[in-house]
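Q: I am new to this structure. Please take a close look at one part, the surroundings of the ligand, and then link that part to a few other sites.

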Amino acid sequence: MQNFPGVGVSPGRVIGTVKQMPKPISEPPAGEQLPAGTTAEEATAALKAASQAVHDDLKARAAHATGDGKAVLEATALMAKDTMLIKGAAKLVARGTSAERAIWESGSSVSEMLHNLGGYMAERATDVLDVRARIVAELRGVPAPGIPASNTPFVLVAEDLAPADTATLDPNKVLALVTAGGGPQSHTAIIARSLGLPAVVAAVGVDKLPDGTEVYVDGAAGNVTADPDESLRAAAEAWAATASLLAEFSGTGATADGHLVPLLANVGGGKDAGAAAALGAQGVGLFRTEFCFLERDTEPSVEEQAAAYKSVFDAFPGKKVVLRTLDAGADKPLPFLTDSTEPNPALGVRGYRTDFTTPGVLDRQLEAIALAEKQSEADVWVMAPMISTAEEAARFASMCADAGIKTPGVMVEVPSAALTAEAILREVSFASLGTNDLTQYAMAADRQLGPLANLNTPWQPAVLRLVGLTVEGSRAEGNNKPVGVCGEAAADPALAVVLTGLGVSTLSMTARSLAAVAAVLKTVTLEEAQQLAKLALSAPSATEARAWVREKLPVLEELGL
Ligand code: PEP
Ligand code: MG
């Protein structure tokens, strides 16, 4: 057995065989010519055969997919045989350019042309780039980029995953996610929890495991073991039995002594919201609106936005839905709002700050939200991401008032916002702690980087202190504003107890984690949670904070969490 320690980000213990996510396809060198001895006719024939093979592969995969994934695959399959793309490449080959370079350049021109056409056509621009990478892979005889196809379930091993990879990730085929890079707040972690898949990130060396290797993945302990023995097989079987116990949530989050902590869901659109309502979520604590428009090159119209927002509101009539205005930038670029050439995007123009450089988009979004709210029965709260000062909070509140939005709030995810929470909360009605970014900024550790995973955890006593300060600010004389948590920290059952002890009023997480958080929360009284919070704050390190708290919560081990 060979062990690969990493960071557990989504619980579960499973055994399966490895399939590696292929490496991205590198650009063929500029000016690359046909190899000696290859004629233009031969190269063109190879190009056409590659385009046909890519088309057939995508078509076959579409036949097995459903919903959005199917639509994405079908559109991409058509693009693989696009006449303009192939003819453009053939012309270059006739002039002596290598087949790989020719399809690359032809892909660039077609993509640019579609981009310039705008609207629906502009959205196809990225499909062309995907297709050209697939055709180059076929010509090189290397695996196609993206989630590998398989008829049998497997453990997906990747360097890291991007939000767009979810479109083609079939949770019925993937048993667990393991990455060599990525931190606990990375999108791999968020994707894994939302799909309910066990996951380990920052497991150095797993990317060298050959396809087909059998591995045991423990998403709570953060371990990957190649060639597992009998005891690990037994552990995986035992987990399968307890997993079903954790599938149900009664619908009310509370401590053992009845202190209510509403358990809300993080969603990215109407489909998620419907699933969250079915899993018993008491409302939505974070609607990431940028997830509705990740593939868009152009700003969606007010009507289109209103329809997307209404689909979430309609899943929770009479309940609270906290919508976050577009958080574009850094790990979630939106071409119509963000500048992809920024040298330091996490510290750049992202979230609320895009209103500095692209004014009007936020106003139109607020208009769309107000429109959707009028047509629905949800209790809509609206917050801005990446607020750093009380001035920004005041300005956002006044923009909301102008749009007719009654409950404006802010994300507290920049340390300056936690430190000045009292002043900020005097300007708005509520705050929600985004512990993913709060951790990244407090620790100066990129949330996407595997080697920094040990720094990048909300168990860091410094981060817990910032949470405590935010709650204190919210309770200052005459303030009394609710503070929730909507970062991934809320989905960790042990940390959820600590956050409750620190005084946060709601916890919002991927709906799949609701049952586990509820099950652990109801085993402690509020006073015990407060003591555990003190214990975590007093720990000298994140590792000890986690270990000390977990030791006092034996229910975690019983439930395999
Ligand atoms: C956060 O930063 O904690 C958060 C909830 O926002 P996101 O993960 O979308 O940046
Ligand atoms: Mg954030």
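**Cysteines, then the ligand site**

A: The structure holds zero disulfides. Keep in mind that this is a predicted model. A disulfide needs the two sulfur atoms within 2.5 Å. Seen from the other end, the closest cysteine sulfur to that of Cys486 is in Cys292, again 16 Å away and too far for a bond. Cys292 is partly exposed, because its relative accessible area is 27%. Cys486 counts as buried, because its relative accessibility is 1%.

Now to the ligand. There are 15 residues around ligand 1. Those that come nearest are Arg288, Arg324, Lys332, Asn436 and Arg447. By class, the shell has eight charged residues, four polar ones and three nonpolar ones.

The side chain of Arg288 places an N or O atom 2.7 Å from an oxygen atom of ligand 1. Glu413 also uses its side chain: one of its polar atoms lies 3.0 Å from a ligand oxygen. Asn436 uses its backbone instead, with an N or O atom 2.7 Å from an oxygen atom of ligand 1. How much of the ligand does the protein bury? Taken alone, ligand 1 exposes 290 Å², and the protein buries 100% of that.

Which elements give two or more residues to this shell? They are strand E10 (283-288) and helix H16 (435-442). H16 gives the most, with three residues.

Gly183 is found in the loop between strand E5 (174-179) and helix H7 (187-195). Gly183 is buried, since its relative accessible area is 0%.

Arg13 has its place in strand E3 (residues 13-20). Is Arg13 buried or exposed? Arg13 counts as buried, because its relative accessibility is 17% and the cut-off for buried is under 20%. The side chain of Arg13 makes a polar contact of 3.3 Å with the side chain of Asp218.

How many of the ten residues of H18 (residues 493-502) are buried? Ten of the ten are, so H18 is largely enclosed by the rest of the structure. Among these buried residues are Pro493, Leu495, Val498 and Leu502. At the start of H18, a side-chain oxygen of Asp492 reaches to within 3.0 Å of the backbone nitrogen of Ala494. After H18 comes Gly503, with a positive phi near 105°.

How values were computed
Residues numbered from 1 in each chain as written. Chains lettered and ligands numbered in written order. Predicted model: local features only at pLDDT ≥ 70, side-chain atom pairs only at ≥ 80, totals over all residues. Heavy atoms only, no water. Near = heavy atom within 4 Å. Polar contact = N/O pair within 3.5 Å; in protein donor to acceptor, adjacent residues only side chain to side chain. Areas by Shrake-Rupley, 256 points an atom, 1.4 Å probe, with all protein chains shown as cover. Helix = DSSP H or I, 4+ residues; strand = E, 2+ residues; numbered from the N terminus. Nonpolar A, V, L, I, M, F, W, Y, C, P; charged D, E, K, R; others polar. Buried < 20%, exposed > 50% of the residue type's maximum accessible area, 1.4 Å probe, protein only.
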